[in-house]
Amino acid sequence: MAKSLRSKWKRKMRAEKRKKNAPKELARLKQALSLDKKGEAVMTDMQEIATVVPADKIKKQTDMDMGEVEDGDGKMDMDSKRSKKTQLNENGQYPVWMSQRQAKKLKSKRTTKKGGQGKKKKGISW
């Protein structure tokens with residue numbers, strides 16, 4: 001699809017911009033990790049950029065989380081007030097992710113079952 005002259009030019013310019021900014025980006029990354037000095041990250045510099053959490057604390061937390069999952073029933077927290085067959089909630093609303101076309105199809109299925117035959121088709125009956 002993207003084969004127009006404009007898109008080719010834009011791709012070319014983006015590539016040149018990446019080439020131009022690559023050394024600066026690498027230097028900034030090295031400075032953030034302070035690899036220029038001794039190979040280890042200085043935590044005071046890193047705290048300005050990101051939240052620093054010790055590794056042992058993370059390991060303990062993940063071990064606790066794993067234990068909770070095994071103890072629980074393993075079900076996800078879902079909207080339990082939604083009908084599985086019609087996908088409607090208690091207010092008669094379809095889920096946000098459902099498209100209008102899907103909702104219309106489900107509604108037509110629901111009404112034809114309720115009304116019996118549904119709409120009669122137009123045309124010659126012979």
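Helices (H or I, at least four residues) and strands (E, at least two) are DSSP runs, numbered from the N terminus. The model shown is predicted: local features need pLDDT of at least 70, side-chain atom pairs count only at pLDDT 80 or more, and totals for chains, interfaces and linings use all residues. Residues are numbered from 1 along each chain as its sequence is written, and side-chain values use heavy atoms, with hydrogens and water left out.

**Figure 1. Overview of the protein chain.** The secondary structure comprises four helices and zero strands. Read from the N terminus, the order of elements is α-α-α-α. Of the 126 residues of the chain, 7% count as buried; buried means under 20% relative accessible area, exposed over 50%, and partly exposed in between (1.4 Å probe, protein chains only).

**Figure 2. Glutamine 87 in the loop between α3 and α4.** Most residues other than glycine have a negative phi. Glutamine 87 is not a glycine, yet has a positive phi of about 65 degrees. Its relative accessible area is 22%, so glutamine 87 is partly exposed.

**Figure 3. Polar contacts of asparagine 89.** Asparagine 89 lies in the loop between α3 (55-71) and α4 (100-115). This residue is buried because its relative accessible area is 17%. A polar atom of its side chain lies 3.1 Å from the backbone nitrogen of asparagine 91. The side chain of asparagine 89 also reaches the backbone nitrogen of glutamine 93, at 2.8 Å. A polar contact is a pair of N or O atoms within 3.5 Å; within protein, one must be able to donate a hydrogen and the other to accept it, and residues adjacent in sequence count only if both atoms are side-chain atoms.

**Figure 4. Tyrosine 94 and serine 83.** Tyrosine 94 is placed in the loop between α3 and α4. With 22% relative accessibility, tyrosine 94 counts as partly exposed. Tyrosine 94 and serine 83 are eleven residues apart in sequence, and their C-alpha atoms are 9.9 Å apart in space.

**Figure 5. A positive surface patch including arginine 14.** The patch is formed by Lys3, Arg6, Lys8, Lys10, Arg11, Arg14 and Arg18. Patches are made of residues with over 30% relative accessible area and no salt bridge, with like charges joined within 9 Å and nonpolar side chains (Val, Leu, Ile, Met, Phe, Trp, Tyr) within 5 Å. A salt bridge is a side-chain nitrogen of Lys or Arg within 4 Å of a carboxyl oxygen of Asp or Glu. Arginine 14 belongs to helix α1 (residues 5-33). Its relative accessible area is 47%, and arginine 14 is therefore partly exposed.

Technical notes: Areas by Shrake-Rupley, 256 points an atom, 1.4 Å probe, with all protein chains shown as cover. Lys, Arg positive; Asp, Glu negative; His and termini not counted. Charge placed at Lys NZ, Arg CZ, Asp CG, Glu CD.
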